Amino acid sequence: MITSAVRGVLFDLDGTLLDHRAAADAGITAWVAERAPGRPRLAEAARLWEALEEPHLAAWHAGECSWQEQRRRRVRALCAELGLDLPDDPDTAFASYARRYREAWRAYPDAAAAVAALRGFRLGVLTNGGPAAAGMRSAWLDRLGIAPPPAGFPRITTLAELPALLSGEHLSGHSDLG
């Protein structure tokens with residue numbers, strides 16, 4: 001039985017409920033394929049796009065550029081790496097990728113069952129939000145089973161483990177569910 005001390009559950013969206021990586025890979029592969037059909041390095045597009053994500057987001061987090069500019073830089077960097085012509089309008093180019101990304105959104109197979117098992121709780125979704133800063137008890141969801149959790153956090157590898165974890169009240173106050 002889940003303890004009454006837990007009244008609600010906040011889920012991270014990307015990597016918890018939604019398979020962000022598969023959607024991003026499909027979106028960028030389709031975008032590059034349309035711009036450069038038959039390009040020999042097409043198979044590398046998803047890996048390169050993922051590698052470019054962190055440094056450009058870090059620049060935005062550091063205040064070195066705007067949110068929109070980090071997207072522009074990422075598009076330009078991918079084109080340069082793959083030898084593609086730079087788009088006339090990187091904002092339109094990113095929007096074209098983003099449309100394909102959204103079209104590829106899929107929930108993880110365990111998401112619906114986990115949400116159904118938590119009936120009666122208040123449920124919410126955050127994405128890259130501030131749960132740890134708010135002192136919320138949390139768990140580390142590591143779907144691939146390869147990332148060690150931050151110190152003091154329980155680690156689960158599927159949302160199916162969440163109800164049992166909640167019933168044991170073993171949640172820390174430093175991470176979000178994803």
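Me: A crossing is left-handed if the near helix is turned anticlockwise from the far one by less than a right angle, and right-handed if clockwise. Which hand does the crossing of helix 1 and helix 2 have?

Reply: The crossing is right-handed. This is a predicted model, in which local features need pLDDT of at least 70, side-chain atom pairs count only at pLDDT 80 or more, and totals for chains, interfaces and linings use all residues. Residues are numbered from 1 along each chain as its sequence is written, and side-chain values use heavy atoms, without hydrogens and water.

Me: How do the axes of helix 1 and helix 2 lie?

Reply: They come within 8 Å and cross at roughly 120°. Axes are lines fitted to C-alpha atoms, for helices over the stretch in contact (heavy atoms within 4.5 Å); angles run from 0 to 180 degrees between N-to-C directions. Residues that meet include Ala-24 and Ile-28 in helix 1, and Trp-49 and Glu-53 in helix 2.

Me: Why is Arg-100 called buried?

Reply: Buried means under 20% relative accessible area (1.4 Å probe, protein chains only). Arg-100 has 9%, so it is buried. Beyond four places in sequence, Arg-100 contacts Gly-27, Ala-30, Trp-31 and Glu-34.

Me: What covers the buried residues of helix 3?

Reply: The cover includes helix 1, helix 2 and helix 4. Among the buried residues are Arg-74, Leu-78 and Cys-79.

Note on methods. Buried means under 20% relative accessible area, exposed over 50%, partly exposed in between (1.4 Å probe, protein chains only). Helices (H or I, at least four residues) and strands (E, at least two) are DSSP runs, numbered from the N terminus.
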